[in-house]
Amino acid sequence: MAEEDQAGGTAAPWCVSHDTATASRAMGAILAVLASLILAANVPVAIILLCHIQKSGSKGLCFVLNLALADAMVGFTVMGVAMDELSQPYYPSQNFCALRMAFVTSSCAASILSLILVACDRHLAIRKPFHYLQLVTGLRVGLCLLGLWLLAAVVGFLPVFIPSFQRDSKHWKCSFFNVFHPSYMLTMFCFGFFPALFLFLYLYCDMLKIAWVHVQHIQKVKQAGLAGSCPPPRATSDMKAMRTVAVLIGCFTVSWLPFFIASVVQMVCPECLPYKVIENFLWLLGLGNSLLNPLLYSYWQRDVQLQLSQLAAALKRRLLFHLGHGRCFPGRDTKALPAVSCLELQD
């Protein structure tokens, strides 16, 4: 039968399925590694932030903690997609695929919305520093986080509640373009991604204007001989916060903008850009944003670096303790590291 198919100029079905299954397993391995890295990067940061919130009582850090939890949820849901890819040949139902991709979309939406809240929190701290503590209360933070997850759930599960946003695909693979209709991608692009991107740009430009005014004021004070060589703490804080938000915006734009633009192009002209390019490359680039967020915080915030090193040292001491069967190794310093006093987003 295989020879007849090949003689007729068409590939044998088992050859096509074998090649497709091999590509799916390779994609599943990549997704599994990426999901593991996302979880490994976000979970320790979330634990450290939770400890600092309990010690310092900072309400603004709850948005950063929520960002780490949302990114960890992205890694968890992507791990499920990776298991599906590694289990090929696999024939899931349409409803199962829709729910699977809805959870992935909700997690990504929660991560994007968390970035917006972090940027808004820093913008409010710079714009109204003397009223910040009165405005950012525990009740308001809780309501914002509750609204964030409700909105993320609505965005992700919209195709589940509106069947017209789903495709009647008999394809065996769970993916965005096999489950969700292109009209849903266009709706997300026009009413989700672009407003978020414009809001990011507005917040960044406004903070840039405030920081520039402060820098100009510092230069005038220095020229008048009324200040020393060190800039005021407020200006330094503004510049650090602006730099943090700027890089987060840049990483978000580079990560997700190609995916959304390519999705719209593929919907308008399916022959111009194959959907496999979007799913196998551009979607991975978007998921990489959930890996970059905790790395950026760990790289820039000195307190997070110290706490991570403290956690690693504690795990190392416990490992050495178990390897030594409870005996202390001579010459090893088991003194605890000093505790970190405070964590600020801009440090």
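Student: Leaving aside its neighbours within four places in sequence, which residues is Ser111 in contact with?
Tutor: Quick heads-up: this is a predicted model, where local features need pLDDT of at least 70, side-chain atom pairs count only at pLDDT 80 or more, and totals for chains, interfaces and linings use all residues. Residues are numbered from 1 along each chain as its sequence is written, and side-chain values use heavy atoms, with hydrogens and water left out. Contact means heavy atoms within 4.5 Å. With neighbours within four places set aside, the partners of Ser111 are Leu67, Ala70, Asp71, Val74, Ser290 and Asn293.

Student: Is Ser111 buried or exposed?
Tutor: Look for Ser111 in helix α4; helices here are DSSP runs (H or I, at least four residues; strands are E, at least two), numbered from the N terminus. Buried means under 20% relative accessible area, exposed over 50%, and partly exposed in between, using a 1.4 Å probe and protein chains only. Ser111 has 3% relative accessibility, so it counts as buried.

Student: Which side chain does Ser111 join in a polar contact of 2.5 Å?
Tutor: A polar contact is a pair of N or O atoms within 3.5 Å; within protein, one must be able to donate a hydrogen and the other to accept it, and residues adjacent in sequence count only if both atoms are side-chain atoms. At 2.5 Å, the side chain of Ser111 has such a partner in the side chain of Asp71.

Student: How do α3 and α4 run relative to each other?
Tutor: Two packed helices are described by the angle between their axes and the distance between the axes. Axes are lines fitted to C-alpha atoms, for helices over the stretch in contact, and angles run from 0 to 180 degrees between N-to-C directions. Helix α3 (residues 61-86) and helix α4 (residues 94-127) have axes that come within 8 Å and cross at roughly 160 degrees. That makes α3, relative to α4 (angles over 145 degrees count this way), roughly antiparallel.

Student: What is the handedness of the crossing of α4 and α6?
Tutor: Helix α6 (residues 138-161) packs with α4 at about 145 degrees, with axes 8 Å apart. A crossing is left-handed if the near helix is turned anticlockwise from the far one by less than a right angle, and right-handed if clockwise. While α3 passes α4 in a left-handed crossing, the crossing of α4 and α6 is right-handed.

Student: Where is Leu69, and how far is its C-alpha atom from that of Ser107?
Tutor: Leu69 is found in helix α3, and it is partly exposed because its relative accessible area is 43%. Leu69 and Ser107 are 38 residues apart along the chain, yet their C-alpha atoms are separated by 9.5 Å.

Student: Which residue's backbone oxygen lies 2.6 Å from a polar atom of the Ser255 side chain?
Tutor: Ser255 lies in helix α9 (residues 233-268). Its relative accessible area is 3%, so Ser255 is buried. Beyond four places in sequence, Ser255 is in contact with residues including Leu282 and Asn289. The backbone oxygen 2.6 Å from its side-chain polar atom belongs to Cys251.

Student: What percentage of the protein's residues count as buried?
Tutor: The protein has 11 helices and zero strands. Among contacts between residues at least 6 apart in sequence, 78% join residues at least 24 apart. Of its 347 residues, the share that counts as buried is 42%.

Technical notes: Angles under 35 degrees count as roughly parallel, over 145 as roughly antiparallel, 65 to 115 as roughly perpendicular and the rest as oblique.
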